[in-house]
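Hi,

Here is the structure I promised to pass on. Have a look at it first, and then read my notes below.

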Amino acid sequence: MTAALATAPAATPEAPVLLRSDADGVATLTLNRPQARNALSMALMGALQAQLDAIRADPSVRVVILQGAGPAFCAGHDLKEMRADPSREATEAVFRTCARLMLSLTRLPQPVIARVHGIATAAGCQLVATCDLAVCAETARFATPGVQIGLFCSTPMVALSRAVSRKAALEMLLVGDPIDAAEALRIGLVNRAVPEADLDAAVSALAARIAGKARRVLAIGKEAFGRQIEMSLEDAYGYTAEVMTRNMMMADAQEGIDAFLGKRPPRWEP
């Protein structure tokens, strides 16, 4: 959540700071402050939080794609907005709002795919690390540059250190220089790096493959993954054994197994 060098003017009142479109079980959320490189203003974070809350309760949505409009994915927090009110209360509100947003992305029942082009820095890099999956253009760049402006990227560190190895995370945090798409792929920050012209097709194909799965099974699996990874090995096996037992009792599992044995496509419940 550390601020990045995003000081361009905010979007006009006529332009919503967040766009949403839905098709075939996929909800696409577009950060829409292109002139500010989609810096996370309080308004943008509030709009994104509201959409995540709505999507959580929307059974028609199986997958979420998060992307940015204009030349960047997201350049972090809006320094201009933060400097306009440098009080402790306002600063705490920014980071508290962002923390809630990142937790909501993590706890959302639907898988979230980051579609990354351009730069993803500071809280923008945090967004990428927080999303369940990420596909980027080969021209994308990632950084946690707060150390360069005297503000260590401590909150982006939470997501980054859980997505990549300790040494890879610390090098990004201590040096602050951007890494390219190939390096992001190597360290596990993204799942795929593709030519920019192929980015939409790659993201859409991945989303479609996930959207074809049973909605309740996706939700139970995402929750279980997040919980077990913080447990000891013994506790993780105990917990996931209970999860699989519960999953096995679900109609989706029974339908899926019967379809597999019957060599036919499964018919998932809505």
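Let's start with Thr 130, which sits in helix α4, the stretch covering residues 123–130. Bear in mind throughout that this is a predicted model. Thr 130 has a relative accessible area of 10%, so it falls below the 20% cut-off and counts as buried. Its side chain reaches back to the backbone oxygen of Gln 126, at 2.7 Å. Leaving aside residues up to four places away in sequence, Thr 130 touches Met 102, Leu 105, Thr 106 and Ala 159.

**The sheet**

Next, the strands. There is an open sheet of 6 strands with mixed pairing, and the order is β1-β2-β3-β4-β6-β9. Which strands stand at the edges? They are β1 (18–23) and β9 (192–194); each has a single partner strand, so one side of each is left without a neighbour in the sheet. From one strand to the next, the twist averages 20°.

At the β1 end, the partner is β2 (residues 26–31): the two strands run antiparallel and are joined by 6 bridges.

Arg 20 is worth a click while you are looking at β1, the strand it lies in. Arg 20, Asp 22 and Asp 58 are linked in a network of salt bridges. On one side, the side chains of Arg 20 and Asp 22 are joined by a polar contact of 2.8 Å. On the other, the Arg 20 side chain makes a polar contact with the side chain of Asp 58, at 3.3 Å.

For a distance check, the C-alpha atoms of Arg 20 and Leu 31 are separated by 9.2 Å, with the two residues 11 apart along the chain.

**Other salt bridges**

How many salt bridges does a search of the whole structure find? The total is 13.

- Arg 33 has a relative accessibility of 3% and counts as buried. Asp 78, at 5%, counts as buried too.
- Arg 186 and Glu 183: these side chains meet in a salt bridge at 2.8 Å, N to O. Both residues lie in helix α7 (residues 181–187), 3 residues apart, which is about one turn of the helix. Arg 186 counts as exposed at 61% relative accessibility, whereas Glu 183 is partly exposed at 27%.
- Glu 269 and Arg 216: here the salt bridge is 3.8 Å, N to O. This pair also links distant parts of the chain, with Glu 269 in the segment after α11 and Arg 216 in helix α9 (residues 215–228), 53 residues apart. Glu 269 counts as partly exposed at 40% relative accessibility, and Arg 216 is partly exposed at 32%.

**Two backbone angles**

Ala 122 has a phi near 50°, a positive value in a residue other than glycine. You will find Ala 122 in the loop between β5 (119–121) and α4. Its relative accessibility is 0%, so Ala 122 counts as buried.

Lys 263 is the other one, with a phi near 55°, again positive in a residue other than glycine. Lys 263 lies in the segment after α11 (251–261). Is Lys 263 buried or exposed? With a relative accessible area of 80%, Lys 263 is over the 50% cut-off and therefore exposed.

Cheers

Notes
Residues numbered from 1 in each chain as written. Predicted model: local features only at pLDDT ≥ 70, side-chain atom pairs only at ≥ 80, totals over all residues. Heavy atoms only, no water. Helix = DSSP H or I, 4+ residues; strand = E, 2+ residues; numbered from the N terminus. Buried < 20%, exposed > 50% of the residue type's maximum accessible area, 1.4 Å probe, protein only. Polar contact = N/O pair within 3.5 Å; in protein donor to acceptor, adjacent residues only side chain to side chain. Contact = heavy atoms within 4.5 Å. Pairing = 2+ DSSP bridges. Axes fitted to C-alpha atoms, helices over the stretch in contact; angles between N-to-C directions. Salt bridge = Lys/Arg side-chain N within 4 Å of Asp/Glu carboxyl O.
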